[in-house]
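Here is a short note to read with the structure open beside you. Take the points one at a time, and find each residue on screen as you go.

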Amino acid sequence: MSELFFQQVVNWITLGSIYALIAVGFSLLFGVLNIIHFSHGDVSLLAPFFALSVISALGSVLGDAGSFPVFLLGLVVAIAVTGCVGVLLDLVVIQRFRKAPAMMALVATVALGIVLRELIRHLFPNGSNPHAFPRLVDGDIVLAGFPVPLFSLAVVAVSTLSVGALFFMLNNTRLGLHIKAVSQDRDAARLMAISPGRIFRATFFVASAIGAVGGLFFSSYAGMARFDFSIDVGLIGFSAAVVGGLGSMPGAIIGSLMIAGLDTLVQAVVPNGASYRLVFVFLLVICVLVFRPSGLLGRTLVEKV
Amino acid sequence: MAVSSSAPLVLEGENLTMRLGGLVAMAEVAFTLKRGEILGIIGPNGAGKSTLLNIITGIYIPSSGEVRLEGQRLNGVPAHKIVARGIARTFQSSRLFADLSVLDNVVIGRHTHTKAGVFDAIFRRRRAKAELEAAAAHAEDLLKSVSRGLHAQRHRPAGELAQADRRRLEIARALATDPKVLLLDEPSSGMDDSDTDALMDDIRAVCAQRPDLALMIIEHDMRLVASLPHRVMVLDYGQKLADGPYEEIRKIPRVQEAYLGRKATQHAGA
Amino acid sequence: MAHPSTQPSGNALSAAFIVIAVPLIGAAFLRQFLLAEDWRLVLGLLALFAVVLVVLERLPALETRIETAFARQSRLALLVGIVVVLGFPFALGGNTYALHLCVISMLYAVLALALNFQLGSANIPNFATGASYGIGAYASALLALNFGVSFWLALPAAAVVATIFGFLLGIPSMRTRDSYLALVTIAFGVVVHQLLNNLDFTGGPNGLVGIPVPELFGHAFSDPLVVFGHALPPQANFYYLSALLVFISIVFAERLHDSRVGLAWNALRADELAARCQGINVTWYKVLAFAVDAFLAGFAGTIYAFYVGFISPDNFTFLVSVTIMTMVIAGGMDNILGVIVGAFLLTLLPEKLRAFSDYRILFFGVTVILFLMIRPQGLFPQRLRRYGD
């Protein structure tokens, strides 16, 4: 095993973990709400900008923007705020489309994503330009004779923990059971005295917060935050959820790993592959959809007549 | 109005089995339907009544078994072509084209009897228009014959109709396809007794005008089941429990137990 | 709503008056809007437009009257329309920028009409109209630059190429629906953009330059158009060409809407399963909607390429598709007039209100959301069909 190959594998898993953090949110929201929240990627990638704002604000107060505790605090606040933004979007916009045709919610959330992106561009100081975003952790650790960036390890560890916590929450807590109940039958859940509205808000918070972790990692991975990152990342996260099967959490993870794998492979093998990466990713999406319309692990929908 | 025993078979199903995942929604059901016959289908919720309709109309593909229309196998024929061959249906929860006019709903029912495509619509407009207007005229006549009240409302959006009129419109839309077999999925659901009576009269009138039309009706309303169909088939857990005239099947203890229940037993005894 | 045939007859004269007056008022309004320099005047005109819309909605009798007049005097209406469109450039007093805005608005009107077949008639979310537009533009430009094909041949050829891609894009719609299909169309748009951006023969990010100017009977479209001794700026050539395309698109849209095909699209919009059970081959009609959309978008793309003379991938991004979608939703889905008004309004507004032209994309996004939330039927709601009138 050559070092180059090993590096590519590490790269693949790192990227796959980041995509999975975003894809899981798409899948969760679809499972519960039965609509596509197309702007989920844009919400997730608000987090780096929140983090930068918090860090610079704290920095100007404490006079020490570069310190690790400040950085960490910035991240935590960003995750919480992003979660709240998700809830807010549901309350203000998405909620209105619960009973509307699927197409309307879809178009509305696509527009919502554009609005979020443009708001960053206009409201964040110098929003059109890339902003440097620090690496979470620097340095390498030697594993099986090869150097592995600590950053990658951190990404994989945090992603596994977050997604693991999400699984645990869904399967073992009261809230999780309620979320599952609402996703299976909204009206029956209401009869069991579960308020779907509360569950929707909780779901939006959880999905957006996990997405925020993904967004922060992505910016950290790329070394910068850009207002238009969310176009690619949002589409890739959504594609991963679709490839895996919307509504299926393990599907979202498998889809993310597949897409990240293809992404890494294309960049390594195809000349000038970086500029074609989305072409290959979307060809994969189209192929999967043509042969398995509900994704790899998606429930085959039998229409109720 | 009895069906002569020599009337030819229009529709028959053989050995129909439907598995959905691990669940068996229908197991080896066979049925026959003669020209001009009205077959009632009863059974508790989840007995497979709607599944049967969905198999016949090509929405579901049976795991095994076959459906034949006048001797021709329908397996693998897509839903829209089955309509063209002469099987029309209504839906349990009426599925009208709500934002189109009542008349347009019926005109769409003429789809299989019209031909104009994109090319005709744009370059042979006169021909396409004449064809569509003939379809509209046909639709108007049909609406008139099904229900005067519905005809009077022909320029309203279908979504604004009252429940009973929605059912009528669905029947009119299905009839517009000139079917040999008409499948009605719980036509009286959500109706009160007087609406149901009116509906039964309308169905009788439809049948009187079309002596060759064969009907399959899924129903819960025992008054309708007792009086309208020539024959009743009972489904339970995806299997056929009984098949015969209402007077006979209501006497079978298993049928009473499985479906009719105490209330219907009393009704039958009255 | 009263049935037209029950209206008192003998009002032919007043009908003729309406048919002549309404287009003239509309044209006068558009002229003022195009020539308005002051943003206060622009806002005032917008307010006036809003008032007219509200009045029409509050007085359905007036609306019906206007509609009936146009239906009865359709020949006169056509004649008045042609005269107004032909004469309009003369009313702009040689203002080339206003004429340019007219051309762009009309191209967007064609694109919006194209998308309307899917989004409006059949409720298929297609985020790839911008890509079809780009395919048309690139196909015609490449034909002209590499093979010396004339504009007049490139025009239909590019439309055919775009239609083929439209069919290809429609193929996944056989198996997928709603969100999945939307993703496929977005993916298609992104793939087309990335390919145009990276392939050598499309010129990469620089695009294609030096697309030759069309000629007709020895008259180059870059020369001023002289009519009865009155010289119109060169943009007028393309003005008339786009007007012709808009006219053709309207004819297409109307004929399809009032046909069995339009009905089938409407049926699958309302309820796909019920449509199948009326004998409609849903898959075929979906693919057809994609093809018709791409066909018209291909035409618009060709005219754009030859009008501007250079094209680059950034002219045909996902945002262009969203812009077109905004026009259809704001104008009124499945309403031809509404879609055209939407295209003009949303093309002209950011240009006229310079102060916020930087916020144009934000404005489009907010417009879509607000319309979907508050008035999903758009400015001009769809109408029920009539037969035999």
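Two residues are in contact here if their C-beta atoms, placed from the backbone, lie within 7 Å. Please keep in mind that this is a predicted model.

1. **Chain B as a whole.** Chain B has eleven helices and ten strands. Its C-alpha trace spans about 65 × 40 × 40 Å along the principal axes. A compact globule with 270 residues would have a radius of gyration near 18 Å, and the 19 Å of chain B agrees with that. Of those 270 residues, 48% count as buried.

2. **An open sheet in chain B.** In what order do the four strands of the open sheet in chain B come? The order is E2-E1-E4-E5 (chain B), and the pairing is antiparallel. At the edges are strand E2 (23-34) and strand E5 (72-73) of chain B, each of which pairs on one side only. Helix H1 (residues 49-56) of chain B packs on this sheet, where it touches strand E1 (9-20), E2 and E4 of chain B. The direction of H1(B) makes about 65° with that of E2(B). As background, strands of a sheet pair through backbone hydrogen bonds, either parallel or antiparallel.

3. **Pairs within that sheet.** Eight bridges link E1(B) and E2(B) in the antiparallel sense. To see one pairing, find B:Leu11, whose bridge partner in E2(B) is B:Leu33. E1(B) and E2(B) form a hairpin with two residues between them, and B:Gly21 in the turn has a positive phi of about 65°. Strand E4 (residues 64-69) of chain B pairs with E5(B) over two bridges, also in the antiparallel sense. Here B:Arg68 has B:Arg73 in E5(B) as its bridge partner.

4. **Strand E9 of chain B.** E9(B) runs parallel to strand E3 (residues 38-42) of chain B, and four bridges join the two. In this pair, B:Ile41 stands opposite B:Met233 in E9(B). Five bridges join E9(B) to strand E10 (residues 239-244) of chain B, and these two run antiparallel. B:Leu235 has B:Lys240 in E10(B) as its bridge partner. E9(B) and E10(B) make a hairpin with two residues between the strands, in which B:Tyr237 takes a positive phi near 45°.

5. **Two helices in chain A.** Two packed helices are described by the angle between their axes and the distance between the axes. The axes of helix H6 (residues 150-172) and helix H7 (residues 174-184) of chain A come within 5 Å and cross at roughly 75°. H6(A) and H7(A) are therefore roughly perpendicular to each other. On the H6(A) side the contact is made by A:Met169, A:Leu170, A:Asn171 and A:Asn172, and on the H7(A) side by A:Leu175, A:Gly176, A:Ile179 and A:Lys180. By class, these residues divide into four nonpolar, three polar and one charged.

6. **Chain C as a whole.** Chain C has 15 helices and four strands. Its radius of gyration is 21 Å, close to the 21 Å that the globule rule gives for 389 residues, so chain C is as compact as a globular protein of that length. The C-alpha trace of chain C spans about 65 × 60 × 40 Å along its principal axes, and buried residues make up 50% of the chain.

7. **Where chains A and C meet.** How many residues of chain A are in contact with chain C? There are 34 of them, touching 32 residues of chain C. H5(A) gives the most to this side of chain A, with 13 residues. By class, the side of chain A that touches chain C has 27 nonpolar, four polar and three charged residues.

8. C:Ala182 sits in helix H8 (residues 178-198) of chain C. Is C:Ala182 buried or exposed? C:Ala182 counts as buried, because it has 24 C-beta neighbours inside 10 Å. Leaving aside neighbours within four places in sequence, C:Ala182 is in contact with A:Leu106, C:Pro125 and C:Phe127.

Conventions
Residues are numbered from 1 along each chain as its sequence is written. Chains are lettered from A and ligands numbered from 1 in the order in which they are written. This is a predicted model: local features need pLDDT of at least 70, side-chain atom pairs count only at pLDDT 80 or more; totals for chains, interfaces and linings use all residues. The radius of gyration is taken over C-alpha atoms; the globule rule is 2.2 Å times the number of residues to the power 0.38. A residue is buried if 20 or more other C-beta atoms lie within 10 Å of its own, exposed if 12 or fewer, and partly exposed in between; C-beta atoms are placed from the backbone. Ala, Val, Leu, Ile, Met, Phe, Trp, Tyr, Cys and Pro count as nonpolar, Asp, Glu, Lys and Arg as charged, and the others, Gly among them, as polar. Two strands pair if DSSP finds at least two bridges between them. Axes are lines fitted to C-alpha atoms, for helices over the stretch in contact, and angles run from 0 to 180 degrees between N-to-C directions. Angles under 35 degrees count as roughly parallel, over 145 as roughly antiparallel, 65 to 115 as roughly perpendicular and the rest as oblique.
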